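Here is my note on the model, point by point. Please keep the structure open while reading.

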Amino acid sequence: MPKETKSERFTIHFTPSDKQTITSKARQYGMSMSSYLTAAAIDKDITVIGDKDSFDELVRQVKIIGNNINQLRMLAQFGKISVIGLDEFTDELSEINSQLAKIIKRSGKWQR
């Protein structure tokens, strides 16, 4: 198979700090910017969590569940209701919040 010639241009914009980071990584691997970005774009698997609206709705629903649990706790403290096993739900909700925070941190910011 004959080697293709690089004849296509692709213009993208970076923040100065992103450009510096990419340049540094390319140098670290002894690659040109073009080669590094091509390898990174083609050889890396992309994990798509979902669209921003769906994720925002998930976060909203988790907050609502947390509010409901807190309301049940308050009613139980005032003796209005008796709640059994609420700690298990609180622990699970805490774990969900922790995992959501990791996803948000890993994704940086949402792209549309």
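1. Leaving aside neighbours within four places in sequence, which residues is Val62 in contact with? They are Leu93, Ile96, Asn97 and Leu100. Contact means heavy atoms within 4.5 Å. Val62 sits in helix α3 (residues 52-77); helices are DSSP runs of H or I, at least four residues, numbered from the N terminus. Val62 is buried, at 8% relative accessibility (buried is under 20% relative accessible area, exposed over 50%, partly exposed in between; 1.4 Å probe, protein chains only). Its C-alpha atom is 8.1 Å from that of Ile96, 34 residues apart along the chain.

2. This is a predicted model: local features need pLDDT of at least 70, side-chain atom pairs count only at pLDDT 80 or more, and totals for chains, interfaces and linings use all residues. Residues are numbered from 1 along each chain as its sequence is written, and side-chain values use heavy atoms, without hydrogens and water.

3. The whole structure holds one aromatic pair. Tyr29 and Tyr36 are stacked, 6.3 Å centre to centre with 10 degrees between the planes (ring centres of Phe, Tyr and Trp, its six-membered ring, pair within 6.5 Å; planes under 30 degrees apart are stacked, over 60 edge-to-face, the rest tilted). Tyr29 is exposed at 55% relative accessible area, whereas Tyr36 is buried at 15%.

4. Look next at the lining of the second largest pocket. Helix α2 (residues 33-43) gives the largest share, six residues. Among the 16 lining residues, Glu8, Phe10, Ser34, Leu37 and Thr38 are the closest to the centre of the second largest pocket (on a 1 Å grid over the protein atoms alone, a pocket is an open set of points with protein on both sides within 12 Å along at least five of seven lines, where a 1.4 Å probe fits; lining residues have an atom within 4 Å of a point).

Note on methods:
Helices (H or I, at least four residues) and strands (E, at least two) are DSSP runs, numbered from the N terminus.
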